[in-house]
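Hi everyone, thanks for coming. Let's take a short walk through a structure together, so please have a look at the screen.

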Amino acid sequence: MRLGALEAGGTKMVCAIGNENGEIIERVSIPTETPEITMPKLIEYFKDKEIEALGIGCFGPIDLNRNSETYGYITTTPKLAWANYNIVGVLKEALKVPVGFDTDVNGSALGEATWGITKGLENSMYITIGTGVGAGIITNGILLHGMLHPEGGHLLLAKHPDDDYEGKCPYHKTCMEGLASGPAIEARWGKKGAELADRKEVWELEAYYIAQALVDYIMILSPQRIILGGGVMHQEHIMPMVREEVKRQLAGYIKTKELEDIEHYIVLPSLNDNQGIMGTLKLAINEYQLENRG
């Protein structure tokens with residue numbers, strides 16, 4: 001199959017062509033401006049590529065309820081030009097192909113579950129910690145949606161007793177995104193994370209917050225493996241600190257073979273930063289099969 005993939009981000013739109021094996025044939029990056037400027041460029045890229053289906057992994061919040069009048073819309077995004085925008089409808093009308101749609105982090109979770117480090121697991125999580133924080137959750141082999149879709153980056157956290165930073169999130173202040181995202185690190189310490197690599201106290205505090213969120217996810221979702229991606233996790237020296245802090249905060253309450261081998265339980269992505277595009281290829285496959293079954 002010849003498939004289109006779109007990673008729709010707040011800064012850039014990554015467009016790619018691939019196949020049903022997750023192989024990426026070509027890709028381009030288009031700046032995210034207003035829909036009036038950006039959408040014609042996306043359509044122009046895909047329209048002569050002879051794709052059989054398109055998958056979109058999109059920034060949100062988005063409407064994933066197929067029974068909703070606004071299914072396929074970007075909804076209450078702070079990126080105001082894209083608020084209440086029918087991205088699926090516009091692309092489906094222009095390209096005349098099935099269009100699969102999900103959150104960007106669900107796309108990454110699906111890519112890893114199909115071709116990467118969570119393949120073969122029924123229950124897993126992909127958490128991206130960067131400019132924002134998001135969580136993609138696979139439960140019993142399928143992506144978790146529900147009322148909307150998980151907004152795991154806005155899980156409320158208890159502040160560290162030595163942390164006097166108020167929190168970056170304009171909605172919740174002390175959610176995971178407000179305390180542990182890249183912008184939160186920069187606002188708290190006055191420098192970007194990449195410039196603070198040798199400051200142990202920075203990463204001890206970061207590990208405290210990431211671990212606290214992971215403990216909550218473990219208690220509620222019981223994933224068989226957790227992937228930590230995003231720009232903050234490029235500081236790979238934080239990973240052992242996160243694992244140790246998770247064990248400390250769990251306090252021995254849960255005992256499983258996965259937690260006994262925590263280095264293979266809390267892991268980095270495995271697909272060389274292609275997991276998002278590969279996941280949107282899988283979304284395209286799934287939508288094609290849905291529209292052509294029987």
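Let's start with a single residue. Leu91 touches Leu6, Met39, Ile43, Leu54, Ile56 and Lys96, leaving aside residues up to four places away in sequence. Keep in mind that we are looking at a predicted model. You can find Leu91 in helix H2, which covers residues 87-95. Is Leu91 buried or exposed? The relative accessible area of Leu91 is 0%, and buried means under 20%, so Leu91 is buried.

Five strands form an open sheet in the order S8-S7-S6-S9-S10, and the pairing is mixed. At the edges sit S8 (142-143) and S10 (266-267), each pairing on one side only. S10 pairs with S9, residues 225-229, in the parallel sense over two bridges. There, Ile227 stands opposite Val267 of S10. Helix H6, residues 200-221, lies across S6, S7, S9 and S10, and runs at about 155° to S6.

How do H3 and H9 cross? Helix H3 (residues 104-115) and helix H9 (residues 275-292) have axes that come within 7 Å and cross at roughly 85°, so the two are roughly perpendicular to each other. Their contact has four nonpolar, eight polar and two charged residues. Among them are Gly107, Leu110 and Trp115 on the H3 side, and Met278, Lys282 and Asn286 on the H9 side.

Terms used:
Residues are numbered from 1 along each chain as its sequence is written. This is a predicted model: local features need pLDDT of at least 70, side-chain atom pairs count only at pLDDT 80 or more; totals for chains, interfaces and linings use all residues. Side-chain values use heavy atoms; hydrogens and water are left out. Two strands pair if DSSP finds at least two bridges between them. Helices (H or I, at least four residues) and strands (E, at least two) are DSSP runs, numbered from the N terminus. Contact means heavy atoms within 4.5 Å. Axes are lines fitted to C-alpha atoms, for helices over the stretch in contact, and angles run from 0 to 180 degrees between N-to-C directions. Angles under 35 degrees count as roughly parallel, over 145 as roughly antiparallel, 65 to 115 as roughly perpendicular and the rest as oblique. Ala, Val, Leu, Ile, Met, Phe, Trp, Tyr, Cys and Pro count as nonpolar, Asp, Glu, Lys and Arg as charged, and the others, Gly among them, as polar. Buried means under 20% relative accessible area, exposed over 50%, partly exposed in between (1.4 Å probe, protein chains only).
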